[in-house]
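Look over the chain shown below before reading on. The paragraphs that follow take its pockets, strands and charged pairs in turn.

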Amino acid sequence: MAVSIKSAREIEFMREAGRILASVHEELGKALKPGMSTLDIDRLGEKLIRSYGCIPSFKNYNGYPASICVSVNDEVVHGIPNKHRILHEGDIVSLDAGVIYHGYHSDAARTHAIGSITPEAEKLIRVTRESFFEGIKYAKAGNHLNDISSAIQAYAESFGYGVVRDLVGHGIGTHLHEDPEVPNFSQKRKGIKLVPGMTLAVEPMINAGRPDVAWMDDDWTVVTDDGSLSAHYENTILITEGEPEILSL
C-alpha cells in the first residue's frame, strides 16, 4: 500500500479545494426545502462547484451520472439525483460532494433535515457528526489508523446504532480514492502509522437500525437493509505534527 504524503505546495491546493467544498455545502444546505427534487440539488451543486473554477469530482466517476450524491432517508450513500424524487417535510437528506481544484480533490458529506424532523432523526444526524469528531481525536502523527476507526465505532454503537461495514473512507489527493482505506469500525490490525502530510476522507455512515445494507438496481444507491434511517458525515482531513486540520470545514 502506497500512501501519498503531500508536499507543502500540494497541501495548499488541498486546503483551497476543501475551503471551496465547505462553501458549496453551506450554500446547498441553505437552499434545501420541501418540494425540491434531488435533481434540483444536483444542478445547483454543479453550478456552485463550477462557479469556483472547480470540476465536480463525482461527475462520470466510474460512470456515476451526477455531481452530488443525494441520499434520502433509508438511502445510505450514492443516491442518484432524479427530477421525480421530491423532498418532503420530515425527510433527512445526505449530500456527498467532491471538487477538483488544480488537480487535487476534496470530499465531504453532510446530512440535513428537511423542515421539521423527528427527535430520533435529529439524534441520528447529531451522533453521526459527533462520531466523526470522536474519531479524529486520534488522527495524530504516531497513532494508527485503527485508533480512528475504533473510536468512531465505539461512539456510534454506544447509542445502539449500526455502523455500515460495506463502505469505508479513504485516502485522497490527486485521485478521489487513494490508499489507505479508512473503516468506521475496528480492525484486527492496527493499520498504518499516521504521519504528517497524509490526507484522509473520514466518513462515518451510521444506520438507526442494523449495519446491513443493500444495493439498488441502479448499481449505485445503497440502502439500509431494514429500512431504517441512515446518516453520513464526512470531511477531508490533514495529518499534521499536532491536531488534525479539517480541510473541508
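How much space lies in the second largest pocket? The second largest pocket holds about 230 Å³ of space. This is a predicted model, in which local features need pLDDT of at least 70 and side-chain atom pairs count only at pLDDT 80 or more, while totals for chains, interfaces and linings use all residues. Residues are numbered from 1 along each chain as its sequence is written, and side-chain values use heavy atoms, with hydrogens and water left out.

Pockets come first. Rolling a probe the size of a water molecule over the atoms shows where empty space is left. On a 1 Å grid over the protein atoms alone, a pocket is an open set of points where a 1.4 Å probe fits, with protein on both sides within 12 Å along at least five of seven lines; its lining residues have an atom within 4 Å of a point. Grid points are joined across faces, edges and corners, and the volume is the space filled by probe spheres set on the points.

The lining of the second largest pocket includes Met1, Leu145, Asn146, Ser149, Pro180 and Glu181. Arg189, Lys190, Gly191 and Ile192 are also among its lining residues. Helix α4 (145-157) and strand β8 each supply at least two residues of this lining, and the largest share, three residues, comes from α4. Helices (H or I, at least four residues) and strands (E, at least two) are DSSP runs, numbered from the N terminus. By class, the lining of the second largest pocket divides into five nonpolar, four polar and three charged residues. Here Ala, Val, Leu, Ile, Met, Phe, Trp, Tyr, Cys and Pro count as nonpolar, Asp, Glu, Lys and Arg as charged, and the others, Gly among them, as polar.

The largest pocket holds about 310 Å³ of space. It is lined by 17 residues, and Tyr61, His78, Leu167, His177 and Trp220 lie nearest its centre. Nine residues of the lining of the largest pocket are nonpolar, five are polar and three are charged.

Next come the strands. Strands of a sheet pair through backbone hydrogen bonds, either parallel or antiparallel. Two strands are said to pair if DSSP finds at least two bridges between them. In this model, three strands form an open sheet in the order β3-β12-β11, with antiparallel pairing. Its edge strands are β3 (75-77) and β11 (213-215), each of which pairs on one side only. Neighbouring strands of this sheet are turned by 40 degrees against each other on average, direction ignored; the axes are lines fitted to C-alpha atoms, and angles run from 0 to 180 degrees between N-to-C directions. Three bridges join β11 to β12 (residues 222-224), and Trp215 stands opposite Val222 in β12.

Elsewhere, β4 (residues 92-101) and β5 (residues 104-113) pair in the antiparallel sense. Ten bridges hold this pairing, and Leu95 stands opposite Arg110 in β5. The two strands form a hairpin with two residues between them, and His102 in the turn has a positive phi of about 50 degrees. Are the residues of strand β5 mostly buried or exposed? Nine of the ten residues of β5 are buried, where buried means under 20% relative accessible area, exposed over 50% and partly exposed in between (1.4 Å probe, protein chains only).

Gly53 lies in the loop between α2 (38-51) and β1 (55-56). With 64% relative accessibility, Gly53 counts as exposed. Gly53 and Tyr101 are 48 residues apart along the chain, and their C-alpha atoms are separated by 7.6 Å.

Charged pairs come last. Side chains of opposite charge can pair when their charged atoms come close. A salt bridge is a side-chain nitrogen of Lys or Arg within 4 Å of a carboxyl oxygen of Asp or Glu, and the structure holds twelve of them. One of these joins Lys6 to Glu178, with the closest N and O atoms 3.6 Å apart. This pair links distant parts of the chain, 172 residues apart: Lys6 is in the segment before α1 (8-31), and Glu178 is in β8 (residues 178-182). Both Lys6 and Glu178 are buried.

Another salt bridge joins Glu12 to Arg15, with the closest N and O atoms 2.4 Å apart. Because they are three residues apart in helix α1, Glu12 and Arg15 are separated by about one helical turn. Glu12 is partly exposed at 44% relative accessible area, and Arg15 is partly exposed at 30%. Glu12, Arg15 and Glu245 are linked in a network of salt bridges.
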